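Trainee: Could you walk me through reading a sheet in a model like this? I'd like the general idea, then the case at hand.

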Amino acid sequence: MFDKNIGKGGDLRYIEDLKTSGFCSQGEFGWIAIFPENGNLICQINSIKWHLLDDDVDVEYFHDYHKKTTKFSIKNNKNNFDINYKSWWANRDDFDINPMAASSEEENSEEDIFGYIKMLKDNQDSASNLNRLWSNNLLGESGR
């Protein structure tokens with residue numbers, strides 16, 4: 001469970017009959033969560049929130065193939081978060097280090113939470129569908 005008021009998650013636990021209404025993960029940087037709130041898809045890192053689909057939110061995600069690092073940033077006119085970290089593929093023998101390898105880039109959203117955020121920002125239809133699904137799941141839970 002993620003407490004959006006303090007920007008931290010807790011122990012993962014199964015709650016019978018509740019549907020997914022967001023996602024959270026802990027890393028060396030702290031906590032990150034993606035969830036719907038008041039019709040917006042929120043990206044929250046620790047206590048800082050962004051409306052992911054707003055035009056003023058900029059998301060950057062790219063790899064330095066020589067250093068085997070990834071740079072991620074999310075910002076708007078109020079808040080900024082950026083991080084450089086070891087790439088998810090850095091220790092994989094089956095990953096062809098080739099900046100032009102588009103097929104490997106497709107794995108970013110599956111292997112890296114920051115790559116997932118970038119995919120959502122770049123694919124408004126997927127993000128809107130996810131926001132709608134999670135919002136509906138929340139509505140179903142509040143009606144109990």
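Mentor: Start with a pair: strand β4 (residues 30-37) and β5 run antiparallel, joined over six bridges. Two strands pair if DSSP finds at least two bridges between them. Strands here are DSSP runs of E, at least two residues, and helices are runs of H or I, at least four residues, both numbered from the N terminus. This is a predicted model, where local features need pLDDT of at least 70, side-chain atom pairs count only at pLDDT 80 or more, and totals for chains, interfaces and linings use all residues. Residues are numbered from 1 along each chain as its sequence is written, and side-chain values use heavy atoms, leaving out hydrogens and water.

Trainee: Which residue of β5 is the bridge partner of I32?

Mentor: That's I45. I45 also stands opposite I48 in β6.

Trainee: And how many bridges link β5 and β6?

Mentor: Four, again in the antiparallel sense, with β6 covering residues 48-51.

Trainee: What do the turns look like?

Mentor: β4 and β5 make a hairpin with two residues between them, and N38 in that turn has a positive phi of about 50 degrees. The β5-β6 hairpin also has two residues between its strands, with N46 at a positive phi near 55 degrees.

Trainee: Is β5 mostly covered or uncovered?

Mentor: Mostly covered: five of the six residues in β5 (residues 40-45) are buried. Buried means under 20% relative accessible area with a 1.4 Å probe, protein chains only. Across the 144 residues of the chain, 35% count as buried.

Trainee: Where does this sit in the whole chain?

Mentor: There are nine strands and four helices, in the order β-β-β-β-β-β-β-β-β-α-α-α-α along the sequence.

Methods: Buried < 20%, exposed > 50% of the residue type's maximum accessible area, 1.4 Å probe, protein only.
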